[in-house]
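Open the model in your viewer and keep the selection panel at hand. The stops below go one at a time.

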Amino acid sequence: MIRVFDPRQLAHAPLRELHNGGWTAYHESPDRAETILAAIGPAIPARDGGMAPIAAVHDAAYLEFLQVAHRDWVATGREGDAFAYTWPVVRRRDLDLMRIDARLGRYSYDAATPITAHSWTAAYWSAQTALTALDEVVRNPSSAAFALCRPPGHHAGRDYLGGYCFLNNAAIVAAEARRQGLGPVAILDVDYHHGNGTQDIFYEDPDMLFVSIHADPSTDYPFYWGHADERGAGAGLGTTLNLPLPRGTDWAAYAPALDQAFEAIEAHGTRLLVLSFGADTFGGDPISHFALEREDFRRLGQRVASLNVATVTIMEGGYATSELGSNVAMFLTGLGA
Ligand code: SP5
Ligand code: ZN
């Protein structure tokens, strides 16, 4: 199986994040990707597919903001990484504000996703890494490809960042695959956290299936999205399937949800699957509360392979850095080739 990794993704390295009311070292660190690469290599670098597939998913003003935000932050006299502290949640209006703090609030939904001088570069090459993996699957339709992406993407929406995510790699690949006529396309998200950005982007889309297995948002980030009663809206009603599971979920409890997800993916007539893969379902993850073991990632890979559908796997979360490489390698072993 082709692995894609681009070193320009490593340039994004925020110093710290707000976590449980204080500062901690940033969990989504560059060494996550380095340790995965060491365990799974070799990988090919990303090819530059340009802005068009990114602009097909994200809002133009948001993309412009991402590129200038840190520069504007510094120009205001600030040091370090940029992040918001005020959000327009009450009586939102489309105000065209220039103040960097107003723009940070307008284009984010959490305070745990700092923007550095290199965040745009890293996010851009993360998206290109995902697109290159799609391209590899297109060139060899029977195959699967793994995109070693970071920063991750599934919390980012059309015009907002959050959850360590800036550009929604899975959504960009899914939209591009559909544009190329590779559909029906489905997205399966198995990161510990609900993929709220991906869900939102396709919420009213009648022919993009989004299925997510994740920690119950009643107890876990991102709280406001990912509940079982969210099923899509308008023409997209029924094309979103949320399968929240309680803290403590192990493989025995996880596997039936996976069966349910696969039923929906097969019923959709899926010809191309985009898999948002997070290894933060691991029992040893420092910010998560499922109980999958190393061997379970092989089982997960095998179950995905048994679908017999062309699959682009995109790396999302996973923060147990010392075990992350072997967990991802295990998953790829199960996925085959
Ligand atoms: C891509 C991805 O996995 N993003 C995750 C973002 C999670 N950010 C906030 C997590 C806060 C977890 N706090 C739990 C405390 C555990 N003791
Ligand atoms: Zn996650």
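Where is Thr281 found? Select it: Thr281 sits in the loop between strand 8 and helix 9. Bear in mind throughout that this is a predicted model.

**Stop 1: Thr281**

Is Thr281 buried or exposed? Thr281 counts as buried, because 30 other C-beta atoms lie within 10 Å. Show its contacts next. Leaving aside residues up to four places away in sequence, Thr281 touches Val190, Tyr192, Ser288, Phe290 and Leu292. Thr281 and Asp110 are 22 Å apart in space and 171 residues apart in sequence.

**Stop 2**

Switch to cartoon. Which strand order does the open sheet have? Its seven strands run 1-4-9-8-5-6-7, with parallel pairing. Strand 1 (2–4) and strand 7 (240–245) are at the edges; each has a single partner strand, so one side of each is left without a neighbour in the sheet. On average, neighbouring strands of this sheet are turned by 15 degrees against each other, direction ignored.

Start at strand 1. Strand 1 pairs with strand 4 in the parallel sense, over three bridges. Select Ile2 and look across to strand 4: its bridge partner there is Ala145. Stay on Ala145 and look to strand 9. There, the bridge partner of Ala145 is Val312. Strand 4 and strand 9 run parallel and are joined by four bridges.

Keep strand 4 selected and turn to its faces. In a regular strand, side chains alternate between the two faces of the sheet. Which residues of strand 4 lie on each side? Ala144 and Phe146 are on one side, Ala145 and Ala147 on the other. All four are buried, and both faces of strand 4 are covered.

Move along to strand 5 (185–189). Five bridges join strand 5 to strand 6 (residues 208–215), and the two run parallel. To see one of the pairs, select Ala186; its bridge partner in strand 6 is Leu209.

**Stop 3: helix 10**

Select residues 321–335. This is helix 10, with 15 residues. From first C-alpha to last, helix 10 reaches 21 Å, close to the 21 Å expected at 1.5 Å a residue. Which of its residues are buried? Colour Leu324, Gly325, Asn327, Val328, Met330, Phe331, Leu332 and Leu335: these are buried. What covers them? The cover includes helix 1 (30–40), strand 4 (144–147), strand 8 (272–277), helix 9 (294–305) and strand 9 (310–315). Step past the end of the helix to Gly336. Gly336 follows helix 10 and has a positive phi, near 95 degrees.

**Stop 4: two cis peptide bonds**

Select Gly41 and Pro42. A cis peptide bond joins them, with omega at about 0 degrees. Pro42 is in the loop between helix 1 and helix 2 (52–55).

Then select Gly183 and Pro184. Their peptide bond is cis too, with omega near 0 degrees. Pro184 lies in the loop between helix 6 (169–179) and strand 5.

**Stop 5**

Go to Tyr164, in the loop between strand 4 and helix 6. Tyr164 is not a glycine, yet its phi is positive, about 75 degrees. Tyr164 is buried, because 27 other C-beta atoms lie within 10 Å.

Jump to Asn308, in the loop between helix 9 and strand 9. Phi of Asn308 is positive as well, near 60 degrees. Is Asn308 buried or exposed? Asn308 counts as exposed, because it has 9 C-beta neighbours inside 10 Å.

**Stop 6: Val89**

Select Val89, in the loop between helix 3 (60–75) and helix 4 (100–106). Val89 counts as exposed, with 8 C-beta neighbours inside 10 Å. The C-alpha atoms of Val89 and Arg106 are separated by 9.3 Å, and the residues are 17 apart along the chain.

**Last stop: ligand 1**

Centre on ligand 1. How many residues surround it? There are 15, and the closest are Pro152, Gly163, Tyr221, Ile287 and Gly317.

How values were computed
Residues numbered from 1 in each chain as written. Chains lettered and ligands numbered in written order. Predicted model: local features only at pLDDT ≥ 70, side-chain atom pairs only at ≥ 80, totals over all residues. Expected span 1.5 Å × (residues − 1). Buried ≥ 20, exposed ≤ 12 C-beta atoms within 10 Å, placed from the backbone. Contact = placed C-beta atoms within 7 Å. Pairing = 2+ DSSP bridges. Axes fitted to C-alpha atoms, helices over the stretch in contact; angles between N-to-C directions. Near = placed C-beta within 6 Å.
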